[in-house]
There are 2 protein chains.
Amino acid sequence: MTGRLYGLGIGPGDPELITLKALRVLRGAAVVAYPAPETGDSLARRIAAPHLDGRQEEIAIRMPIHDAAFPKDDIYDGAAENLGRQLEAGRDVAVLCEGDPFFYGSFMYLFGRMAERYPVEVVPGVSSLTACAAALGAPLAARNDVLTVVPAPLDEAALRARLEGAEAAAIIKVGRHLPKVRRVLRALGVLEGARYIEHATMASQRVLPLASLPDDAAPYFSMILLHRRGEAWS
Amino acid sequence: MTGRLYGLGIGPGDPELITLKALRVLRGAAVVAYPAPETGDSLARRIAAPHLDGRQEEIAIRMPIHDAAFPKDDIYDGAAENLGRQLEAGRDVAVLCEGDPFFYGSFMYLFGRMAERYPVEVVPGVSSLTACAAALGAPLAARNDVLTVVPAPLDEAALRARLEGAEAAAIIKVGRHLPKVRRVLRALGVLEGARYIEHATMASQRVLPLASLPDDAAPYFSMILLHRRGEAWS
């Protein structure tokens, strides 16, 4: 019997925001894998740590995780081969995914390499999107709002075009793109209403008006939320 | 001591997709409230039912829940007053919310009425958005995709305009708007790649190509997902 590959949504950061299902799968899997930086701790593993009992084999998939320019194909090829061997040995493999595996998650790279050859199940998790809205204490979208999720790495013109008509918007992966995002929001006249959330639901969570944030780099796990009610964003 | 009002995300349908935090809050609250139709079962209560132990006071907020035209202000005013009395008596109140409270949830109507007067906390949940992607077995959005969430009740021209440029799109609240949505997707040339998901993660879950679905009404809890890779949606 081939094992099963799980893409396991473990939630946005607070270990208590894991689902009962993810916890059951996590504890039942023989192998737990997770993305990790080249050296040091894996955020995904840190989120799941209170739920690990030390009996599982752990596989860290190490790479420069937030460097979009780094070619990761070889690393994912190798990881898929490695995890595939575990599955062929009949062992279930749970891949820990921050937030939700299919919401801008790196799990898609393993999924794309393995889904045709092995049984794969994705367990959805609480995404950073709704975790940020909860941290902010304001609805993300309601009624017939159109909600647009825009990655900050897009170029300035694209960012502007995509944000122009949205009633509600989330700008994700802010990181070093903060100054550019701020320019776009100022040009659209919506800087004042924008809210900034960093490390939502973690101990290091910060929530503040974007206008109060110093204009340098934000961490990768940060988000800007906008909501326009009637004519004004608020 | 005033009690605390919780907007409790209980996930998309599978009772196992509740978080540990929501479960803790649910079990600790003296009062559990939930939206319900005028007669019959509440979906939110049904999702949480395996986790209720019968010791809590239950308050059903009854109304024609999916009839957008029905004026619900009086009902929400009354519910806010009723729940406010519980809070003033020092009792915590957990409002059960399908999916996530701040992702197109009706909790916003209570939140808007109560957040300034009482301590309110929102516990984020797994939303239908990522649950549908997991059910479909395909990433919702990745890399620098712009993801657009579009409510089906929008008029045909608005639907078309909002869907035109999106790399990834979710059309929510399909219900009786199915024929209109289908016309829009056909006009945009993306009907073939569209996938339809109904009651994600529930026993009644259905996943099929939109083109295979008979052209009559869908249930309210249904979603259409689209993803365009390069030139073609798939």
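**Aromatic pairs and the overall form of chain A**

A:Phe102, A:Phe107 and A:Phe111 are joined into a cluster by ring pairs. The model is a predicted one, and over all chains it holds 12 aromatic pairs.

**A pair in chain A**
- The rings of A:Tyr76 and A:Tyr109 form a stacked aromatic pair, with 4.9 Å centre to centre and 25° between the planes.
- This pair links distant parts of the chain, 33 residues apart: A:Tyr76 belongs to helix H3 (residues 73–88) of chain A and A:Tyr109 to helix H4 (residues 107–114) of chain A.
- A:Tyr76 counts as buried because its relative accessibility is 5%, under the 20% cut-off.
- A:Tyr109, with a relative accessible area of 23%, is partly exposed.

**A pair in chain B**
- The pair of B:Phe107 and B:Phe111 is tilted, because the ring planes stand at 50°; the centres are 6.2 Å apart.
- Both B:Phe107 and B:Phe111 lie in helix H4 (residues 107–114) of chain B, 4 residues apart, which is about one turn of the helix.
- B:Phe107 and B:Phe111 are both buried.

**Chain A as a whole**
- Chain A contains 7 helices and 11 strands.
- Its radius of gyration is 19 Å, close to the 17 Å from the globule rule for 234 residues, so chain A is as compact as a globular protein of that length.
- Of the 234 residues in chain A, 56% are buried.
- Among contacts in chain A with a separation of 6 or more, 71% are between residues 24 or more positions apart.
- Chain A carries 26 positive and 28 negative side chains, and the centres of the two sets are 3 Å apart.

Conventions
Residues are numbered from 1 along each chain as its sequence is written. Chains are lettered from A and ligands numbered from 1 in the order in which they are written. This is a predicted model: local features need pLDDT of at least 70, side-chain atom pairs count only at pLDDT 80 or more; totals for chains, interfaces and linings use all residues. Side-chain values use heavy atoms; hydrogens and water are left out. Rings of Phe, Tyr and Trp (its six-membered ring) pair if their centres lie within 6.5 Å; planes under 30 degrees apart count as stacked, over 60 as edge-to-face and the rest as tilted. Helices (H or I, at least four residues) and strands (E, at least two) are DSSP runs, numbered from the N terminus. Buried means under 20% relative accessible area, exposed over 50%, partly exposed in between (1.4 Å probe, protein chains only). The radius of gyration is taken over C-alpha atoms; the globule rule is 2.2 Å times the number of residues to the power 0.38. Contact means heavy atoms within 4.5 Å. Lys and Arg count as positive and Asp and Glu as negative; His and the chain ends are not counted. The place of a charge is taken as NZ of Lys, CZ of Arg, CG of Asp or CD of Glu.
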